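The sequence and structure come first.

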Amino acid sequence: MNKNKVYIETYGCQMNVADSELVMRILLDKGYELTKKPEEANVILLNTCSVRENAEQRIYGRLGNIKKLKAGENNVVIGVLGCMAERLRENLIEKNRMVDVVVGPDEYRNLPQYLDEAFNGGKGIGVRLSRTETYDDIIPYREDGLSAWISVMRGCDKFCTYCVVPYTRGRERSRTLSSIVNEIKTLSQRGFREVTLLGQNVNSYRDGENDFADLITAAAQVDRKIRIRFTTSHPQDLSDKLLYAIAENPNVCNYIHLPVQSGSDRILQLMNRTYTIEHYLNLIQKAREIIPGVSFSTDIIAGFPTETDEDHKATLEVLKTVRYDGAFMFKYSPREGTKAYKMKDDVPEEVKGQRLREIIDLQQKISYEKNQELIGKEEIILIEGTSRKSDEYFSGRTDTNKVTIFPASEKYGVGDYVRVKITGATSATLFADVLEKISPEFFEVHKTA
Ligand code: SAH
Ligand code: SF4
Ligand code: F3S
């Protein structure tokens with residue numbers, strides 16, 4: 001009998017990328033093969049996102065495209081995984097009969113059984129959430145490369161009033177520090193150079209006595225040639241201890257994604273964000289004192305219920321005060337089942353659009369100015385590949401996560417670190433000349449830093 005071939009497509013956040021790697025491992029262990037061509041597959045899986053309405057619309061569109069593959073000769077099973085599976089459950093099958101399998105984020109261990117049910121002509125539905133599942137013992141399937149995502153915790157207990165994640169991902173729970181460190185050791189042996197520790201709120205990570213600062217420190221010690229990044233930090237739980245851990249470990253990147261969401265205390269309260277702008281700005285200032293050169297990015301929601309022009313102006317003020325290096329900016333999207341869903345979505349669509357445009361324009365101007373300030377400065381870049389536009393250029397990122405383009409050469413290559421001098425900048429990209437390749441001793445020296 002031919003082996004079953006699985007094709008998987010991933011939407012949404014990096015947690016979903018990490019989850020798809022778990023799913024691939026679980027299915028490989030059951031004898032499935034992987035394919036990158038949907039037309040070759042007899043299992044097609046979409047790992048989905050529910051965070052905003054348009055994320056779900058995209059999935060419905062994609063299911064429409066896949067229809068023709070289902071109509072083909074091999075008995076194709078179509079599965080929806082992830083947050084949309086968890087949110088819509090069996091309704092997803094009622095809405096779209098083409099879907100055979102619906103499996104939420106805490107039931108991936110049982111995915112093979114649900115697929116069997118579908119192969120036998122039934123529908124496989126697994127959407128129970130768990131208080132304990134962390135998949136700690138499953139080693140995600142990863143192709144060779146430089147960069148890996150590692151989920152260090154699952155779920156979220158924050159219940160921001162606009163957000164579906166606590167409902168689609170369940171309660172907060174952490175993996176063990178030792179298994180995370182072992183995973184990084186394996187990645188080090190395979191030549192990986194960057195690891196991003198993931199959680200909806202990494203600052204509430206806990207394994208016995210160890211908190212997130214301990215985890216970051218342990219992760220950083222595995223291999224100084226591996227850059228450690230992390231996301232996302234909630235402003236309420238960002239500890240001084242973590243700031244010092246970032247400052248003291250040279251390979252922990254000086255970059256913090258710290259979503260502010262709004263600049264208005266009244267809106268923050270309605271969002272249940274549990275901090276004030278004063279607290280937030282103090283935190284930024286403290287981080288800048290403890291970690292020289294630290295860069296920040298943020299998330300902003302425009303047009304939350306009752307948001308006035310004045311609230312919106314307060315958001316623009318925060319952007320001007322903090323001067324983020326980058327931001328992810330969204331229009332508020334009401335999500336059924338959340339607390340905010342019961343509030344009237346009373347900011348008209350065109351006002352939301354207008355405010356979002358103002359936020360994006362301002363942030364772009366700031367990103368441009370901040371990048372211009374870097375011209376003439378030196379940065380250390382991890383080379384990630386050739387530039388998308390030309391083979392004659394390499395592309396990599398600074399410690400602070402800025403994409404940098406510089407001339408390719410045989411003297412250095414993918415996976416090497418180089419010291420560069422910035423020569424030009426747009427709002428999204430830096431351009432540079434290489435000064436020198438960083439020697440292995442550089443990382444040895446830093447070990448004792
Ligand atoms: N745990 C992370 C990521 C959550 S989802 C955090 O707290 O930052 C990523 C971003 O999507 C959020 O920060 C928020 O800005 C945005 N978002 C979440 N729900 C939304 C909604 N209903 N409408 C618009 N944006 C939303
Ligand atoms: Fe959603 Fe808030 Fe949790 Fe982030 S912290 S995942 S925005 S509930
Ligand atoms: Fe989307 Fe779920 Fe991530 S809703 S943003 S895929 S946690």
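## Ligand 1: backbone contacts

The model is predicted. In it, a nitrogen atom of ligand 1 sits 2.7 Å from a backbone N or O atom of Ser-333. Gln-200 also takes part: one of its polar backbone atoms is 2.8 Å from a nitrogen atom of ligand 1. Tyr-162 places a backbone N or O atom 3.0 Å from a nitrogen atom of the ligand.

How much of ligand 1 does the protein cover? On its own, ligand 1 has 540 Å² of accessible area, and the protein covers 89% of that.

## Ligand 1: the shell

Two elements give two or more residues to the shell around ligand 1: β15 (295–302) and β16 (326–331). The shell has 15 residues, and Tyr-162, Gln-200, Gln-261, Asp-299 and Ser-333 come nearest. By class, six are nonpolar, four polar and five charged.

## Ligand 2

Three cysteines are among the residues around ligand 2: Cys-156, Cys-160 and Cys-163. Lys-158, Phe-159, Tyr-162, Val-165 and Pro-166 also surround ligand 2, as do Gln-200, His-234 and Arg-273. The shell splits into seven nonpolar, two polar and two charged residues.

## Helix α1

Helix α1 covers residues 14–29, 16 residues in all. From first C-alpha to last, α1 reaches 23 Å, close to the expected 22 Å. Its buried residues include the nonpolar Met-15, Leu-22, Val-23 and Ile-26. Charged Asp-19 and Glu-21 are buried too.

After α1 comes Gly-31, with a positive phi near 95 degrees.

Methods. Residues are numbered from 1 along each chain as its sequence is written. Chains are lettered from A and ligands numbered from 1 in the order in which they are written. This is a predicted model: local features need pLDDT of at least 70, side-chain atom pairs count only at pLDDT 80 or more; totals for chains, interfaces and linings use all residues. Side-chain values use heavy atoms; hydrogens and water are left out. A residue is near a molecule or strand if one of its heavy atoms lies within 4 Å of it. A polar contact is a pair of N or O atoms within 3.5 Å; within protein, one must be able to donate a hydrogen and the other to accept it, and residues adjacent in sequence count only if both atoms are side-chain atoms. Accessible areas come from the Shrake-Rupley method with a 1.4 Å probe; for residues, only the protein chains shown count as cover. Helices (H or I, at least four residues) and strands (E, at least two) are DSSP runs, numbered from the N terminus. The expected span of a helix is 1.5 Å times one less than its number of residues. Buried means under 20% relative accessible area, exposed over 50%, partly exposed in between (1.4 Å probe, protein chains only).
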